[in-house]
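This report describes selected local features of one protein chain. The sequence and structure are shown first, and the description follows.

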Amino acid sequence: MVFVDACKRRETPYTPIWMMRQAGRYLSEYREVRKQAGSFLQLCHSVELATEVTLQPVDILDVDAAILFSDILVLPLEMGLPLDFIAGEGPHFSKTVREKTSVNNLEIGAYKKLTYVYDTISQVRKKLSKQKALIGFCGSPWTLATYMIEGEGSKTYTHSKKMLYTDPNLLHSLLQKITQELKGYLDMQIKSGADVVMVFDSWAGALEREAYFEFSWKYMKEISAFVKKTHPQTPVILFPKGIAGYLDRIDGEFDVFGVDWSTPMEYAKKYLGNKYVLQGNLEPSRLYDINAMEEGVDSILSVMGIQSGHIFNLGHGMLPDLPRENVLCLIEMVKNKTKR
Ligand code: 1CP
C-alpha cells in the first residue's frame with residue numbers, strides 16, 4: 001500500500017494524497033446518501049450507508065486512502081451524552097460535564113458499544129482495493145473534552161478553560177477517563193481492519209504552550225505509545241491544529257505529524273521532519289481557484305521535495321462548496337508533480 005509505505009518513510013512511486021473530510025457535501029453522491037439516511041447521525045449508525053460514503057472518495061477521486069466515515073463525537077455519545085447535529089449549527093449535547101458527579105457518571109467501556117463503527121471498518125476493508133489504505137480515527141482527549149464541557153462547538157472554550165485553571169484535577173480526571181476509552185476504541189478499530197489510525201486534536205490551538213503539553217499532548221502521546229506497543233505495525237498520525245509555535249517541544253512515539261495550514265511547512269520540516277513523516281498542508285480555500293491551488297502545491301513541494309517523508313493533504317477539512325473539478329485536478333496535479 002502506497003499510503004502505509006509512505007507513513008513508514010519507505011520509497012513510493014509518488015507522494016500519496018488524501019484529504020481530511022474527503023467524504024462530504026461537495027460530492028453530490030454524498031448528498032444523495034445523506035438524504036437517504038435522514039440525518040448525519042443515522043448515516044454514521046448505518047453500516048451499509050457509512051461504508052458507501054467512506055468508499056466514494058476512493059472511487060471518485062482515486063485518493064490513496066479512505067477514512068472511516070463517522071465522527072469524533074460518537075464516543076462521548078456512547079459515554080452517556082445524548083447528541084444532536086443541528087442543521088447549520090453543528091453538534092449539540094443535551095448534557096454537559098462540568099463537575100465531579102458528571103465525570104463520575106460517564107460510562108466506562110463505552111467504546112465496546114461502537115459496534116457500528118467496527119462493522120463499517122470491516123465492511124470497508126472487505127470492499128476496498130488492496131492498494132488503498134483505510135484510516136481509522138478518534139478525537140483527542142482535549143478536543144473531545146471541550147465538546148463535553150461546553151455542550152457544543154465553541155469559539156472561546158469558556159467553561160473548559162475555567163475548569164483548567166480553577167480545578168485542573170477535575171479536568172485531568174475527565175481527560176484520563178476519555179484516554180482510557182480511546183485506547184480501547186483505536187485497538188478495536190485496528191482489530192476490525194483499520195490500516196492506520198489518526199488522532200484529531202482540532203482545538204489544540206486554544207491552549208497556551210504550558211497548558212497544551214500538560215492537558216493535551218501528554219494524553220495524545222499516551223494513546224500513540226499504547227497503539228505502537230499493542231500494534232507496532234500500524235502507523236499512527238497525530239494532528240494537533242494551530243500549534244506552530246510549540247513544534248520545538250513535540251516528541252513521542254508516533255509515525256506521522258499532521259501539519260495544519262497555519263503552520264509553515266518549513267517550520268514543521270525544521271523541527272520534526274527528521275523524526276516524523278509530515279502530512280499536509282494545503283490551505284483548503286486555495287481549492288476555490290486553480291492558480292491559487294497550484295501555487296500552494298508548488299510551495300509545499302518546494303519544501304518537501306519529491307522524496308519519501310511527505311504525505312500530501314489539506315491543512316484542514318474540505319469545505320462543503322469547493323468545486324469538485326478542482327479537487328480532481330489537485331489529485332492529478334500532486335501525483336504528476338511528484339512522480340519519481
Ligand atoms: O453532513 C453533515 O451536515 C455533517 C457534517 C459532518 C461530517 C461530514 C460532521 C459534523 N462530521 C462529519 C464527518 C467527519 N467528522 C469525519 C469523516 C471522514 C472524512 O474526513 O471524510 C471526520 C474525520 C470527522 C472528525 C471531526 N468531527 C472533527 C475533527 C476534524 C476536524 O475537522 O477538525 C471535529 C472537530 C468534529 C466535530 C464536528 N462534527 C461535525 C461538525 C460540523 C463538527 C465541527 C463543529 C465545530 O466547529 O465545533
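The buried residues of helix H4 are Leu49, Ala50, Thr51, Val53, Thr54, Leu55, Gln56, Pro57, Val58 and Leu61; buried denotes a relative accessible area under 20%, exposed over 50%, and partly exposed the range in between, with a 1.4 Å probe and protein chains only. The model is predicted, so local features need pLDDT of at least 70 and side-chain atom pairs pLDDT 80 or more, while totals for chains, interfaces and linings use all residues. Residues are numbered from 1 along each chain as its sequence is written, and side-chain values use heavy atoms, without hydrogens and water. Helices (H or I, at least four residues) and strands (E, at least two) are DSSP runs numbered from the N terminus.

**Helix H4 and its surroundings**

The buried residues of H4 pack against helices H2 (28-37), H3 (40-45), H7 (115-127) and H14 (324-337), and against strands E1 (65-67) and E4 (133-139); contact here means heavy atoms within 4.5 Å. H4 covers residues 47-61, and its 15 residues should span 21 Å at 1.5 Å a residue, which agrees with the 22 Å between its end C-alpha atoms. The expected span is 1.5 Å times one less than the number of residues. At Leu55, shortly before Pro57, H4 has a kink of about 30 degrees, the bend being the angle between axes fitted to the seven residues ending there and the seven starting there.

**Lys177 in helix H10**

Lys177 lies in helix H10 (residues 168-192). Lys177 is buried but has no salt bridge, and Glu181, the nearest side chain of opposite charge, is 7.5 Å away. Lys and Arg count as positive, Asp and Glu as negative, with His and the chain ends not counted; a salt bridge requires a side-chain nitrogen of Lys or Arg within 4 Å of a carboxyl oxygen of Asp or Glu. A polar atom of the Lys177 side chain lies 3.2 Å from the backbone oxygen of Asn104. Beyond its neighbours within four places in sequence, Lys177 is in contact with Met79, Val103, Asn104, Asn105, Leu106 and Ile108.

**A cis peptide bond**

Gly280 and Asn281 are joined by a cis peptide bond, with omega about -15 degrees. Asn281 belongs to strand E8 (residues 277-282).

Methods. Polar contact = N/O pair within 3.5 Å; in protein donor to acceptor, adjacent residues only side chain to side chain.
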